[in-house]
Amino acid sequence: QVHLVESGGGLVQPGRSLRLSCVASGSDLSGSTMGWYRQASGKERELVAGITSGGSTVFGDSVKGRFAISRDDEQNTVYLQMNSLRPDDTATYYCHIMTYGASRREYWGQGTQVTVSS
């Protein structure tokens with residue numbers, strides 16, 4: 001079982017930056033893939049960014065060049081650095097982890113709200 005706790009959301013003006021953090025606790029964290037998804041009101045959940053245990057990254061098209069993802073495996077933490085924020089980045093952001101123990105499993109955080117508005 002894995003538990004994810006996100007932090008760092010809030011209200012920010014357009015053009016500013018925000019960093020989200022997600023701390024994982026539990027078993028089978030070694031070798032996991034971690035990432036962030038978001039869901040805006042009335043829309044489907046979409047991938048924001050992901051990072052493998054080897055450091056390979058993937059980004060959603062709408063955030064490429066503006067967002068960065070990183071991880072600290074000693075702290076079991078994944079970060080999402082969000083720069084040049086826009087109103088359409090407003091959403092609930094969810095931390096996600098895929099673990100590869102005896103079987104592949106995925107877990108979600110409870111979500112943190114990011115609102116971009118002047």
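Cys 22 and Cys 95 are joined in a disulfide, with their sulfur atoms 2.1 Å apart (a disulfide being a pair of cysteine sulfur atoms within 2.5 Å). By this rule the count comes to 1 disulfide. The pair links distant parts of the chain, since Cys 22 sits in strand β3 (residues 18–26) and Cys 95 in strand β9, 73 residues apart. Strands here are DSSP runs of E with at least two residues, numbered from the N terminus, while helices are runs of H or I with at least four. The link is left-handed, with -85 degrees about the S-S bond. Both cysteines, Cys 22 and Cys 95, are buried; buried means under 20% relative accessible area, exposed means over 50%, and partly exposed is in between, using a 1.4 Å probe and protein chains only.

A word on the model itself. It is a predicted one, in which local features need pLDDT of at least 70 and side-chain atom pairs count only at pLDDT 80 or more, while totals for chains, interfaces and linings use all residues. Residues are numbered from 1 along each chain as its sequence is written, and side-chain values use heavy atoms, with hydrogens and water left out.

Next comes the sheet. Four strands make up an open sheet in the order β1-β3-β8-β7, with antiparallel pairing; two strands pair if DSSP finds at least two bridges between them. At the edges are β1 (2–7) and β7 (67–72), each of which pairs on one side only. On average, neighbouring strands of this sheet are turned by 15 degrees against each other, direction ignored. For that angle, axes are lines fitted to C-alpha atoms (for helices, over the stretch in contact), and angles run from 0 to 180 degrees between N-to-C directions.

Ser 70, for one, has Tyr 79 in β8 as its bridge partner. The two strands, β7 and β8, form a hairpin with 4 residues between them, and Asn 76 in the turn has a positive phi of about 50 degrees. In a regular strand, side chains alternate between the two faces of the sheet. In β7, the covered face holds Phe 67, Ile 69 and Arg 71, and the uncovered face holds Ala 68, Ser 70 and Asp 72.

Arg 71, on that covered face, counts as buried because its relative accessible area is 17%. Its side chain reaches two backbone oxygens: that of Ile 51 at 3.2 Å, and that of Thr 52, also at 3.2 Å. These are polar contacts, meaning pairs of N or O atoms within 3.5 Å; within protein, one atom must be able to donate a hydrogen and the other to accept it, and residues adjacent in sequence count only if both atoms are side-chain atoms. Leaving out residues up to four places away in sequence, Arg 71 also touches others, including Ser 32, Met 34 and Val 78, where contact means heavy atoms within 4.5 Å.

Then there are the charged pairs. The structure holds 6 salt bridges, a salt bridge being a side-chain nitrogen of Lys or Arg within 4 Å of a carboxyl oxygen of Asp or Glu. One of them joins Asp 61 and Lys 64 (3.0 Å, N to O), and Asp 61 counts as exposed because its relative accessibility is 65%. Another is formed by Arg 66 and Asp 89, whose closest N and O atoms are 2.8 Å apart. Arg 66 lies in the loop between β6 (57–59) and β7, and Asp 89 in the loop between β8 and β9, so the pair ties together parts that are 23 residues apart in sequence. Both ends count as buried, Arg 66 at 11% relative accessibility and Asp 89 at 0%.

Glu 46 and Arg 38 form a further salt bridge, with the closest N and O atoms 2.7 Å apart. Glu 46 is partly exposed at 34%, whereas Arg 38 is buried at 5%. Arg 38, Glu 46, Arg 66 and Asp 89 are linked in a network of salt bridges.

The Tyr 93 side chain makes a polar contact with the side chain of Arg 38 (2.9 Å), and one of its polar atoms lies 2.6 Å from the backbone oxygen of Asp 89. Beyond its neighbours within four places in sequence, Tyr 93 is in contact with residues including Glu 6, Trp 36, Phe 67 and Leu 80.
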